[in-house]
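Dear colleague,

Please find below the structure that I am handing over to you, with its sequence. My notes on it follow directly after.

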Amino acid sequence: MKNIVLVSLGCAKNLVDSEMILALVTSGDFQIVSDLKEADCVLLNTCAFILTAREEAIRECKAIRKKTKAKIVVLGCYPERSLEEVREAMPEADLFVPIRDYPRLHSILTSFLSSEKPLSPLDPLKRILATPSWSAYLRISEGCDNFCAFCAIPYIRGRFRSRTLDSLLEEAKMLKEKGVKELSIVSQDTAHYGVDLGKDGPRFLDLLKALDEMGFYSIRLFYLYPNELNHEIIDFIAQSKSIAHYFDLPIQCASDSLLLKMNRHDSVENMRELISYILKVMPDAVLRTTLIVGFPGETEEDFHNTLDFIKEIRFHHLGCFRYSREEGTRAYDMPDQISEDVMRARELEIMGTQLQIAAERCREMVDKEVEGIVTGYDNHRHQYTFRCYWNAPGEIDANIYFSSPLPIEIGSIHKLKIINGFVRDLAGQLIE
Ligand code: SF4
């Protein structure tokens, strides 16, 4: 029996791969352990989306090597992106397995670790949840067709491929039976679901309707591009039983000329119209976005258009990234690359503005009653943490804290009254 430790880096979509890998390697001659000291082999599932993600993978590999003599197998996006580069960057690793070799992953590992019984490829129905037992991600498609000029994902993960509706519903049923209350739907382009499944095939709305009938406590949608949404989908979310009024709309910037250069298929007017419709039918909707500053050719005017837009919309949650020049992408060779200093200054200005907006948004929550899940206990603050439709899993948004004189079960559902709003976080009082 070989002891395996799995270290997962990157986003929730990669975490789903890690969960399937965990299930795969617990079958056969492997067992999962958490202590590096007991490991015969460490699987490092990497992200290679941008330079900082690759740097994190390199650092992690070095850190693992310092702690153990076990074999290190590097998986995922980084070897998929460039085997040559990853071999050079991670001399501590013993083996590299790109995503395209996942169908043979078990046999690769068994022969590498000298075992015998190779098993089947990764199976979405066989996952060992790396998230708490009451929370899980459902990845509804692979790859991306958008080819945003700054992004290497379509080259790493391939073209957009929707999973079949049947396989998704089967996976969702399996998760529900395991006790999952909170389902997070992820993909590179979530509302694009189904467009590759034929003229009469299911679309995103069909998937939402079917999932909504399954009785999850809460379903949250990530990576919704405004140009893929429409009033029908928004109307359905508004009256659904379980879909959170939470809109993750990664707009990247709010300048039409820059959107064009980024090869984003959207316009500021469309984003504005869509958001105003969301707020018209769901005045309680929570808005999240991500921005890129310093894309090649971003002028002061482009930047100020984006800044004005975030002041106008007042997103509740916002992440801002400095442009990362990625080899192989269209933007790599674009003229007018922006200096690191300018990018930093723009990032600071966005985040400074957002801090004020987020604080106002937090104060607007005061006196509201919210129902949600108790997610853990913070030993430093001696308070419980809590999640309702307002904040997403994966620590991407702020937290809600509350105290209780009596012990409370993690994963249980309660009601809080929000009693205070800080710069990012909220404080609540248990009412039920
Ligand atoms: S939508 Fe754009 S940013 Fe997102 S994965 Fe696809 S190409 Fe990359």
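Please bear in mind throughout that the model is predicted.

Strand β12, residues 286-293, is joined to β13 by 6 bridges, and the two run parallel. Both belong to an open sheet of 3 strands with parallel pairing, in the order β11-β12-β13. At its edges are β11 (246-248) and β13 (317-322), each of which pairs on one side only. On average, neighbouring strands of this sheet are turned by 10° against each other, direction ignored. Helix α13, residues 340-365, packs on the sheet and touches β12 and β13; the direction of α13 makes about 175° with that of β13.

The five-stranded sheet

There is also an open sheet of 5 strands, again with parallel pairing, whose order is β2-β1-β3-β4-β5. The edges are taken by β2 (30-32) and β5 (95-98); each has a single partner strand, so one side of each is left without a neighbour in the sheet. From one strand to the next, the twist averages 30°.

Within this sheet, β3 (residues 41-46) and β4 (residues 71-76) run parallel and are joined by 6 bridges. Leu43 stands opposite Val73 in β4, and Leu44 stands opposite Val74 in β4. Strand β4 is mostly covered, with 5 of its 6 residues buried.

Helix α1 (residues 12-26) lies across β1 (2-8), β2, β3 and β4, and runs at about 175° to β1. Helix α2 (residues 51-67) lies across β1, β3 and β4, and runs at about 170° to β3.

Helix α8

In helix α8, residues 204-212, the buried residues are Phe204, Leu207, Leu208 and Leu211. These four are on the same side of α8, because the arc that they cover around the axis is only 100°. The elements that cover the buried residues of α8 include α7 (165-177), β10 (218-221) and α9 (231-239).

The ligand surroundings

Which residues are around the ligand? They are Cys144, Asn146, Phe147, Cys148, Cys151, Ile153, Pro154, Gln188 and Asp189. This shell divides into 6 nonpolar residues, 2 polar and 1 charged.

With kind regards

Terms used. Residues numbered from 1 in each chain as written. Predicted model: local features only at pLDDT ≥ 70, side-chain atom pairs only at ≥ 80, totals over all residues. Near = placed C-beta within 6 Å. Nonpolar A, V, L, I, M, F, W, Y, C, P; charged D, E, K, R; others polar. Buried ≥ 20, exposed ≤ 12 C-beta atoms within 10 Å, placed from the backbone. Arc of directions from axis to C-beta. Contact = placed C-beta atoms within 7 Å. Pairing = 2+ DSSP bridges. Axes fitted to C-alpha atoms, helices over the stretch in contact; angles between N-to-C directions.
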